[in-house]
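Here is a short tour of a ligand site, the spaces around it and a few backbone details. Have a look at the model first, and then we can walk through it together.

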Amino acid sequence: MTSSSPLARSALTRKDFPNGFLFGAATAAYQVEGHKFGGAGPTHWDTFAATPGNVLRAEDGALACDQYHRYGADMDLLKDGGFDAYRFSTSWARVIPEGRGAVNREGLDYYDRLTDAILERGLEPHLTLYHWEMPAALTDLGGWTNPDVHLWFGDFVEVIDDKIGDRMASVATINEPWCVSYLSHFLGHHAPGRRDIRAAARSMHHVLKAHGEAIARLRDRGRKNLGIVINFEHTQPASDDPNDIQAAATQDATNNRWFIEAIAKGHYPQEALAGLEPHLPKGWQDDMAAISQPIDWLGVNYYFRQLVAHDGSSPWPHTKPAQGHLATTQMGWEICPEGLRALLVNLKDRYVGDLPIMVTENGMAWDDHVKNGVVHDPERCAYITDHMGAMHQAIAEGVNLKGFFYWSLLDNYEWAFGYERRFGMVHVDFETLQRTPKASYHMLKDLIKRS
Ligand code: FCB
């Protein structure tokens, strides 16, 4: 990929992509809805945020973007921008406040109204069933480390499916199982903030079991549009040193290969089992058939390149992150569109063949400000056009890519970074909740308009 200025680029437009290619934007329930409304139960993100030191300024998702009340105007933004689709998620604790048992009808009705609002505007609804807000009552029982969590999740999935399942263009079971498990139970960066290798291994297995359970239950109900959303980074060794090369291979196995290999091939990568196998639940091999049942499409979230170095001073996985020379976003993430092209081609060649793929998240955070009513974000415009170029190239190389969802429609609650990191193509003033489309929104509107 080139790195010329955004103005110098000749940007690709809708007609450069295959017929029917979807352009959309994504959000997630806890990040936009406003969790305090409508009788939702507490989630482990509420407790994580309330514990000092976890989240910047200890912010939580109680109000977020108040999409709970403003969904109509937000869907108008998508319609007016000429987008085809909205990717959203359902909050387990909003619908079943205690995680199991009684359903909160008010919460369920919200997703019914949201679905109507999406469809009324001619947009396609793309649902993710779980995007990280485990009900706190289930976290009390171990959450993703509990051996029954797949059954609890399966019951929740059926409640959602009863209400809106027949109207969804696609359904993903889980968003980013690596973040649900490894990032949250080994690295401790996300709720529930554990740093425990046994909890990590168990949650890495259980989250896949939950995926399999959801697929099985939805299949029984005749659903045909089922997938999962997995995050991938472009992992590279920090140097040519064999130790760094080994470290990168280990990280590639835990961060990139674990989940797709289990689903596509029914096994876990050896480099990851080397550290994790002693901590997996007994009999885990017996679950692999349920985990690897067929899916109808794969969701890919991609943001950055990650350099990895050997760390001889710590136990397995003996890795530490290293900083490269590429330009970074407000998150400190290295911008690498070529990594997206390589990833998509690799997924086709090694794992999924012709299975439809959608890029379900890609985008960047920047310290955006409204000046005289406008938000000038040339860095984001460049990021988007370069990643569109990478997707275009992957399609030319035979990848069956069906769509691209920008992350995110709105600036929102960026987890451990609270409201500081702005990923939206629409700016949100978190005092007034006023929405201001950024230059990147207008650019995308231009690129994807149907002429
Ligand atoms: C992904 C998450 C999404 C958002 C982006 C920036 O890992 O799925 O909720 O936080 O990163």
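Which space does the ligand take? The space taken by the ligand is the largest pocket. This is a predicted model, in which local features need pLDDT of at least 70 and side-chain atom pairs count only at pLDDT 80 or more, while totals for chains, interfaces and linings use all residues. Residues are numbered from 1 along each chain as its sequence is written, and side-chain values use heavy atoms, with hydrogens and water left out.

**The ligand and its shell**

Gln31, His131, Trp132, Asn175, Glu176, Tyr303, Glu361, Trp407, Glu414, Trp415 and Phe423 surround the ligand (a residue is near a molecule if one of its heavy atoms lies within 4 Å of it). Sorted by class, this shell has five nonpolar, three polar and three charged residues. Here Ala, Val, Leu, Ile, Met, Phe, Trp, Tyr, Cys and Pro count as nonpolar, Asp, Glu, Lys and Arg as charged, and the others, Gly among them, as polar.

| Residue | Distance to a ligand oxygen atom |
|---|---|
| Gln31 | 2.7 Å |
| Glu176 | 2.5 Å |
| Glu414 | 2.8 Å |

Taken alone, the ligand exposes 300 Å², and the protein buries 95% of that (Shrake-Rupley areas with a 1.4 Å probe).

**The largest pocket**

How much space lies in the largest pocket? It holds about 1,300 Å³. On a 1 Å grid over the protein atoms alone, a pocket is an open set of points with protein on both sides within 12 Å along at least five of seven lines, whereas a cavity is a set where a 1.4 Å probe fits but cannot get out; lining residues have an atom within 4 Å of a point. A molecule sits in one of these if more than half of its atoms lie within 2 Å of its grid points.

The pocket is lined by 49 residues, and those closest to its centre are Trp178, Leu183, Leu187, His189 and Phe304. Two or more lining residues come from each of helix 8 (177-185), strand 5 (226-237), helix 10 (242-265), strand 6 (297-310) and strand 7 (319-322). Strand 6 gives the largest share, seven residues. By class, the lining divides into 24 nonpolar, 16 polar and nine charged residues.

**Cavities**

The count comes to four cavities of 30 Å³ or more, and the largest cavity has a volume of about 60 Å³. Its lining is made of His44, Trp45, Tyr130, Trp132, Trp144, Cys179, Val180, Ser184, His190, Ala191 and Pro192. Helix 2 (44-49) and helix 8 each give two or more of these residues, with helix 8 giving the most, three. The lining has eight nonpolar, three polar and no charged residues.

**Backbone details**

Most residues other than glycine have a negative phi, and most peptide bonds are trans. The bond from Ala191 to Pro192 is cis, with omega near 10 degrees, and Pro192 is found in the loop between helix 8 and helix 9 (197-220). Another cis bond runs from Trp407 to Ser408, also with omega near 10 degrees; Ser408 lies in the loop between strand 9 (401-407) and strand 10 (426-428). Ala64 has a positive phi of about 45 degrees although it is not a glycine, and it is found in the loop between helix 2 and helix 3 (67-80).

Note on methods: Polar contact = N/O pair within 3.5 Å; in protein donor to acceptor, adjacent residues only side chain to side chain. Points joined across faces, edges and corners; volume = space filled by probe spheres on them. Helix = DSSP H or I, 4+ residues; strand = E, 2+ residues; numbered from the N terminus.
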